[in-house]
Amino acid sequence: MAQKEQAKKFKMPNTFIVIAIFIMIATAMTWVIPSGTFERAFDEATHRTLVVAGTYKTVEHTPVSIPQMIMSVYDGMVDAAGIIFFTFFSYGFMVMLIKVGAFDAGVGAMIRTLKEKKSYAMPLIAILFSLMGASFGIYEESYGFVPVVMSLAVALGYDPFYGAITVLGGIATGYAAASINPYTVAIAQTIGELPLFSGMAFRWFCYVCFMTVFLFMMCRYGAMVKKDPTKSYVYGVEFPFLSKANADDLAKIEFKTKHKVSLLICFATVIAFAYGAIQYGWYFSELSAIFLTMMFVIGLINGMSLNDICEAFVEISKNILFAAFVIGLSRAILIVLQKGQIIDTICFYFSNSLSGMPKIVAAEAMFVFQTFLNLFIPSGSGQAVTSMPLMIPLADLLHLNRQIAVLAFQFGDGFSNIFWPTACAVLCAISGVPINKWWKFFAPYCLVVTIVAGILMAVAVSINYGPF
């Protein structure tokens, strides 16, 4: 009997349990690591509050108690309310396209047009999303597209995970290898007093390197699944929010005028929110308003009553509740670290430990530091204003170009978003992919791109990557 028990395969804990373990680890860290803070000052150039280098001081130790740890779950939900509700509205808009049949009809028309070339569709979509991340700094804004592209992957004979890889892997790779990302590169360069978007030629080279790796691994997985569906990493996992139609059935669907209008509205909406985000600084409240309004417009165009649209939105929201809870729960990790006042302490000791190192070793250590810091500060702009005021003076002391410090931050912040549970748990919840299945693909991918990033950091030091 005991042998039978031992023979049972290890079952990955529920995503909630995985995040809860990290909340407990963070809580334990607040008892071990001294509390400390840097002084902060508002910077007119970046319009953000930055850490003032050289001002670290220890403060009264504030370890997080068990009741405070439990309360951090609620605090995390409140703190993440913006992204939670944005996810509801963006999903409502995109999944409405599936419910009214516009998505199926549009994919059918695409299949008839592409014929034997439809295998290019998913890689091209991945490149498109990567460019959105690299250029516009779009990340969370892509969540609403996930169910649509996952449904497209199924229609083309792949599995839903292939669609999730296409959107979320593509956007994460582009975001990490960004050339003109306003939320990472621009902020970090402004803090480092570098010309805005300077050194972009090398960053575009890095982008090509990373996307080559990503597309190879993505397409290899897709080919494996298409050849043998039982080898899918999500074989047997249910995805209730997806369209289940296959390519042959979709090719027979008539592409009606109402479907064309619906998809045109979808593209116009995407262009509008991208333009508004870049030109006017629109964020979750404005973008949510656009998605909510257009969801009703699409429903009405396709003959749905207001009651039908409201009921459809409630049904869609049921499928996204899990994602909403995961987003709030993962934010609780950051809340615990903030209550314990240990994030600044971690930054202070890590930055001090890098002084005196050889240039290449120091640059690689900066990259490693930024990667680990992303576990505690998953926000790109948040990590920039915390770490860059420390890394820039350190780069000067080590006689490293400040551009290299920016590159280390960029790589460290970006790629680990698809591995650390504080960030990837949200992506798993959005896509409905269990975290152990997620890591089965993305853990090897993160290992490979980390090695590539390390090589590119060494190249940057060797060529004296600059200017400045």
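At what angle do the axes of helix H13 and helix H14 cross? Good morning. I shall answer that from the structure above, which is a predicted model.

Helix H13 covers residues 284–301, and helix H14 covers residues 306–340. Their axes come within 10 Å and cross at roughly 125°. That angle makes H13 oblique to H14, since an angle counts as roughly perpendicular only from 65 to 115 degrees and as roughly antiparallel only over 145. The crossing of H13 past H14 is right-handed. On the H13 side, the residues that meet the partner helix are Met-295, Phe-296, Gly-299 and Leu-300. On the H14 side, they are Leu-306, Ile-309, Cys-310 and Phe-313. Sorted by class, this contact has 7 nonpolar residues, 1 polar residue and no charged residues.

An α-helix has 3.6 residues a turn, so residues three or four places apart point the same way.

Helix H14 also packs against helix H4, which comprises residues 81–99. Here the angle is about 140°, with the axes 8 Å apart. H4 is therefore oblique to H14. The crossing of these two helices is right-handed. From H4, the contact includes Ile-83, Phe-88, Tyr-91 and Lys-99. From H14, the contributors include Ile-309, Phe-313, Glu-315 and Arg-331. The contact of H4 with H14 divides into 15 nonpolar, 4 polar and 3 charged residues.

Let us turn to another pair. Helix H8 spans residues 160–176 and helix H10 spans residues 200–227. Their axes come within 11 Å and cross at roughly 170°. This makes H8 roughly antiparallel to H10, because angles over 145 degrees are counted in that way. Among the H8 residues in the contact are Phe-161, Tyr-162, Gly-169 and Gly-170. H10 contributes residues including Tyr-207, Phe-210, Met-211 and Gly-222. By class there are 10 nonpolar and 6 polar residues in this contact, and no charged ones.

How far apart are the end C-alpha atoms of helix H20? Helix H20, residues 435–462, has 28 residues, which at 1.5 Å a residue should span 40 Å. The end C-alpha atoms of H20 are 38 Å apart, which agrees. Within H20 there is a kink of about 35° at Phe-441, shortly before the proline Pro-444. Just after H20, Asn-464 adopts a positive phi of about 55°.

Methods. Residues numbered from 1 in each chain as written. Predicted model: local features only at pLDDT ≥ 70, side-chain atom pairs only at ≥ 80, totals over all residues. Heavy atoms only, no water. Axes fitted to C-alpha atoms, helices over the stretch in contact; angles between N-to-C directions. Helix = DSSP H or I, 4+ residues; strand = E, 2+ residues; numbered from the N terminus. Parallel < 35°, antiparallel > 145°, perpendicular 65-115°, else oblique. Left-handed = near helix turned anticlockwise from the far one by under 90°. Contact = heavy atoms within 4.5 Å. Nonpolar A, V, L, I, M, F, W, Y, C, P; charged D, E, K, R; others polar. Expected span 1.5 Å × (residues − 1). Bend = angle between axes of the 7 residues up to and from the residue.
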